[in-house]
Amino acid sequence: MAETKANPFLRSVPERAAPRLPEALGAYPQVRMRRNRSDAWSRRLVAEARLSADDLIWPLFVQEDSGESAVASMPGVKRYGLDRLVDAVGEVAELGVPALALFPYIDDSLKTADCAEAHNPENLVCRAIRALKAALPEMGVLVDVALDPYNSLGHDGLVEDGRILNDETIEVLIRQALVHAEAGCDLVGPSDMMDGRIGAIRGALDGAGFQDVKICAYSAKYASAFYGPFRDAVGSGGALAGDKKTYQMDPANSDEALREVALDLQEGADLVMIKPGLPYLDVIRRVKETFGVPTVAYQVSGEYAMMKAAAANGWLDNDKVLMESLVAFKRAGADAVLSYAAPEVAGLLKAG
Ligand code: PBG
């Protein structure tokens with residue numbers, strides 16, 4: 001019989017480890033899985049993943065106007081004026097949340113094609129960073145690096161004839177990261193998905209003496225419809241021309257996520273992020289197992305809005321569903337999670 005030749009056009013199927021036979025671990029009726037579940041104390045003992053306030057990063061919105069304003073599509077979420085910011089963050093710091101992520105709500109008059117406001121050292125974000133670091137130096141401050149809040153076209157990069165420019169965008173991102181670092185932020189979070197920006201930002205930070213400023217790379221950021229409410233919150237939704245599919249990832253892919261993470265790590269990322277969260281737990285798991293590096297997940301605005309909308313209708317139990325969704329991230333392998341519910345959840349954890 002002729003030897004069968006391997007077809008070079010067939011994608012090789014990775015071999016999976018043989019499943020451990022259930023017999024090797026015993027069987028019913030000697031084994032009763034419900035025994036360990038029968039008491040609260042034994043459930044506590046055998047719990048594999050645990051959520052604590054230490055795992056949370058609170059994303060929050062700042063606005064130019066004093067006071068606070070509500071975000072309609074995100075019940076319970078507010079934009080804070082600089083007069084309210086320090087108090088609001090102070091309360092969350094008291095609950096043990098170690099870090100926050102800042103996003104600005106920028107007036108339309110400051111949005112331009114060259115996104116110059118992004119690297120104005122007196123812009124809203126820089127003023128917010130300075131106020132926070134002066135009042136609450138122990139709180140970690142993560143700042144998004146991307147042009148969308150400042151872009152009249154709503155995109156994360158510079159736009160020319162409908163195309164998103166990569167290398168030209170990186171030049172602006174570098175300047176944005178530098179003004180954030182000068183203002184005192186602890187981490188920069190490039191969320192723009194341009195190629196090569198992590199290495200370029202790392203080089204620029206080091207060159208300016210900011211070698212201790214960390215980079216939390218939005219490495220596997222998908223072109224997701226779950227960002228809708230966020231775009232309301234920062235006021236970039238109305239402006240957005242087209243979609244972000246030429247730079248954010250296709251939801252169908254996860255091998256590609258591993259390549260993105262590998263590149264960002266080579267370029268100097270300290271933490272890598274997967275975003276959105278719950279629909280992408282498999283990606284979190286693959287990234288954590290493959291690289292074993294600090295892995296952050298983002299429970300995005302649409303995930304928050306879904307839970308809140310259902311809870312407001314009495315269809316889901318708000319507290320329980322928030323806790324369950326967050327422990328799921330820990331089980332999948334995330335070390336930390338950005339969640340708009342961080343203040344609420346930290347309060348629930350404290351109450352026990
Ligand atoms: C912008 C940015 C987005 C989010 C964080 N940074 C939106 C987008 O890419 O359009 C989404 C966060 C959320 O939905 O909660 N670079």
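**Close-up views of a predicted model**

C115 sits in the loop between β4 (99–105) and α3 (124–135). Helices (H or I, at least four residues) and strands (E, at least two) are DSSP runs, numbered from the N terminus. This is a predicted model, in which local features need pLDDT of at least 70, side-chain atom pairs count only at pLDDT 80 or more, and totals for chains, interfaces and linings use all residues. Residues are numbered from 1 along each chain as its sequence is written, and side-chain values use heavy atoms, leaving out hydrogens and water.

View 1. Most residues other than glycine have a negative phi. C115 has a positive phi, near 55°. C115 is buried, with a relative accessible area of 0% (buried means under 20% relative accessible area, exposed over 50%, partly exposed in between; 1.4 Å probe, protein chains only). M193, in the loop between β8 and α5, has a positive phi near 65°. M193 is also buried, at 5% relative accessibility.

**View 2. The buried side of helix α5.** In α5 (residues 197–207), the buried residues are R197, I198, I201, R202, A204 and L205. They cover an arc of only 165° around the axis, so they lie on the same side of α5. The arc is that of the directions from the helix axis to the C-beta atoms. Their cover includes β5 (140–145), α4 (167–183), β8 (187–190), β9 (214–221) and α7 (255–266). G209 follows α5 and has a positive phi, near 85°.

View 3. R197 belongs to α5 and is buried, with a relative accessible area of 1%. Leaving aside neighbours within four places in sequence, R197 is in contact (heavy atoms within 4.5 Å) with I170, L173, P190, S191, D192, Y218, D264 and E267.

**View 4. Two cis peptide bonds.** Most peptide bonds are trans. The bond from Y28 to P29 is cis, with omega near 10°. P29 lies in the segment before α1 (40–46). The bond from K275 to P276 is also cis, with omega near -5°. P276 is in the loop between β10 (271–275) and α8.

**View 5. Around the ligand.** The ligand is surrounded by 18 residues (a heavy atom within 4 Å). The closest are R231, K244, K275, S301 and Y340. A polar side-chain atom of R231 lies 2.7 Å from a ligand oxygen atom. For Q248, a side-chain N or O atom is 2.9 Å from an oxygen atom of the ligand. A polar side-chain atom of D144 lies 3.3 Å from a ligand nitrogen atom.

Methods:
Polar contact = N/O pair within 3.5 Å; in protein donor to acceptor, adjacent residues only side chain to side chain.
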